[in-house]
Amino acid sequence: MATINPQYITDTAGKKLVVLSVDEFETMIDELEELQDIKLYDDSKKEDGGERILFEDYLQQRKMKNV
């Protein structure tokens, strides 16, 4: 996990804001996307019934659907 050094400022309405460098922001977004990918993978594994087909069979089935 990357080190993030946020700075806090308050706007004229008294609302607190967080300031990050562009590098820190991009790092944070990359890590969040990776966590999302992990969650999607875990969810997919839960729904996996274990059924497998050969790639050639898949292509043949897809070709038949498009006819």
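1. The protein chain carries 9 positive and 16 negative charges, and their mean positions lie 8 Å apart. Lys and Arg count as positive, Asp and Glu as negative; His and the chain ends are left out. Each charge is placed at NZ of Lys, CZ of Arg, CG of Asp or CD of Glu.

2. Basis of the note. This is a predicted model: local features need pLDDT of at least 70, side-chain atom pairs count only at pLDDT 80 or more, and totals for chains, interfaces and linings use all residues. Residues are numbered from 1 along each chain as its sequence is written, and side-chain values use heavy atoms, with hydrogens and water left out.

3. Fold elements. The protein chain has 2 helices and 2 strands. Read from the N terminus, the order is β-β-α-α. The radius of gyration is 23 Å, well over the 11 Å from the globule rule for 67 residues, so the protein chain is more spread out than a compact globule. That radius is taken over C-alpha atoms, and the rule is 2.2 Å times the number of residues to the power 0.38. Helices (H or I, at least four residues) and strands (E, at least two) are DSSP runs, numbered from the N terminus.

4. Extent and surface. Along the principal axes, the C-alpha atoms fill a box of roughly 65 × 25 × 20 Å. The protein chain exposes about 6700 Å², with carbon and sulfur atoms supplying 55% of it. Areas come from the Shrake-Rupley method with a 1.4 Å probe; for residues, only the protein chains shown count as cover. Buried residues make up 1% of the 67. Buried means under 20% relative accessible area, exposed over 50%, partly exposed in between (1.4 Å probe, protein chains only).

5. E24. This residue sits in helix 1 (residues 22–47). E24 is buried yet has no salt bridge. The nearest side chain of opposite charge, K16, is 18 Å away. A polar atom of the E24 side chain does lie 2.8 Å from the backbone nitrogen of N5.

6. Salt bridges. How many salt bridges are there by this rule? The count comes to 2. The rule asks for a side-chain nitrogen of Lys or Arg within 4 Å of a carboxyl oxygen of Asp or Glu.

7. D43 and K39. These two form a salt bridge, with the closest N and O atoms 2.9 Å apart. They are 4 residues apart in helix 1, so about one helical turn separates them. D43 is partly exposed at 26% relative accessibility. K39 is exposed, at 52%.

8. R52 and D48. Here the closest N and O atoms of the salt bridge are 2.7 Å apart. R52 is exposed, with a relative accessible area of 58%. D48 is partly exposed, at 39%.

9. D30. This residue belongs to helix 1. D30 is partly exposed, with a relative accessible area of 48%.

Notes
A polar contact is a pair of N or O atoms within 3.5 Å; within protein, one must be able to donate a hydrogen and the other to accept it, and residues adjacent in sequence count only if both atoms are side-chain atoms.
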